[in-house]
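Q: I am new to this structure and would like a guided look at it. Could we begin with the terms and then go through the parts one by one?

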Amino acid sequence: MYQLINFKVHGDHAGNLVALEQGSDIDFDIRRIYYIWGTEKNAIRGRHAHHNLKQMIVCLAGQCDFTLDDGVKRETFHLCTPAQGLRIENFVWREFTEFSRDCIVMVLASEHYDATDYIKSYDEFLRIVRNGAD
C-alpha cells in the first residue's frame, strides 16, 4: 500500500540528477503533478485518504514527515532528499507535518483532481478499510 523508494542518482562534481520515467521508475500513468511549499512548520496537511489514486511523493528541498495509516499500522517517514520517493496507493490515510522553512514537496498522481475521490473523515476511512464497504 505504501513504500519508500530510493531513486537512482546520477552525479559528479557538477551536481546530481534524478530522472523519473513513467513505466520504469513510476509504475502508473501520471495525470497530475503538483507541488507544495511555504507551509508553516506546525501545519498538518493531508488528513485524508483516496478511493482511487496512486501517488509518488518527493521532497525536492528541505524536509517534512509523512505519517501513513492503512487502518492497521501507522508509520511515519521522514522525507529529506530528492533521491527518495514515497509511493502511496488507495485507502491509505496520510498526514504530513514538521515542515522545514525551505520544504518543497512534489506529488506525481495517477488521476486528475476529483473531489469525490477523497475520504476526509478518519472514522469513515476506518469503516471502509475494516469492513470493505467500498
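A: Let us start with burial: a residue is buried at under 20% relative accessible area, exposed at over 50%, and partly exposed in between, with a 1.4 Å probe and protein chains only. This is a predicted model, in which local features need pLDDT of at least 70 and side-chain atom pairs count only at pLDDT 80 or more, while totals for chains, interfaces and linings use all residues. Residues are numbered from 1 along each chain as its sequence is written, and side-chain values use heavy atoms, with hydrogens and water left out.

Q: Is Thr-39 buried or exposed, and why?
A: Thr-39 counts as buried because its relative accessibility is 15%. Thr-39 lies in the loop between β4 and β5 (45-50). Strands (E, at least two residues) and helices (H or I, at least four) are DSSP runs, numbered from the N terminus.

Q: What is Thr-39 in contact with?
A: Thr-39 is in contact with Arg-45 and Phe-99, leaving aside neighbours within four places in sequence. Contact means heavy atoms within 4.5 Å.

Q: Now the sheets. In what order do the strands of the sheet with β1 come?
A: The order is β1-β9-β6-β11-β4, an open sheet of five strands with antiparallel pairing. Two strands pair if DSSP finds at least two bridges between them. Because β1 (2-6) and β4 (32-37) stand at the edges with a single partner strand each, one side of each has no neighbour in the sheet.

Q: How are neighbouring strands turned against each other there?
A: On average by 20 degrees, direction ignored. The axes are lines fitted to C-alpha atoms, for helices over the stretch in contact, and angles run from 0 to 180 degrees between N-to-C directions.

Q: How many bridges do β6 and β9 have?
A: Three bridges pair β6 (residues 55-61) with β9 (residues 84-88) in the antiparallel sense. Gln-55 stands opposite Ile-88 in β9.

Q: What about the sheet with β8 and β12?
A: This open sheet of five strands has the order β8-β7-β10-β5-β12, and the pairing is antiparallel. β8 and β12 are the edge strands, each pairing on one side only.

Q: Which bridges hold β7 in place between its partners?
A: β7 runs antiparallel to β8, with six bridges, and antiparallel to β10, with five bridges. Asp-69 has Arg-74 in β8 as its bridge partner, and Asp-65 has Thr-97 in β10.

Q: And how is β5 joined to β10?
A: Three bridges join these antiparallel strands. Gly-46 stands opposite Glu-95 in β10.

Q: Why is β10 described as largely enclosed?
A: Five of the five residues of β10 are buried, so the rest of the structure largely encloses the strand. Trp-93, Glu-95 and Thr-97 are buried on one side, and Arg-94 and Phe-96 are buried on the other.

Q: Which residues touch the most other members of the largest nonpolar core?
A: Ile-57, Phe-66, Leu-68, Leu-86 and Ile-88 do, in a core of 17 residues. β7 gives the most to this core, with three residues. A nonpolar core is a set of buried Ala, Val, Leu, Ile, Met, Phe, Trp, Tyr and Cys residues joined through side-chain atoms within 4.5 Å.

Q: Last topic: which residues of helix α1 are buried?
A: Phe-125, Leu-126 and Ile-128 are the buried residues of α1 (residues 122-131). They cover an arc of only 165 degrees around the axis, so they are on the same side of α1. The arc is that of the directions from the helix axis to the C-beta atoms.

Q: What do they pack against, and what is on the face turned away?
A: The buried residues of α1 pack against β5, β7 (64-69), β10 (93-97) and β12 (118-119). The face turned away from the buried side carries the exposed residues Asp-123, Arg-130 and Asn-131.
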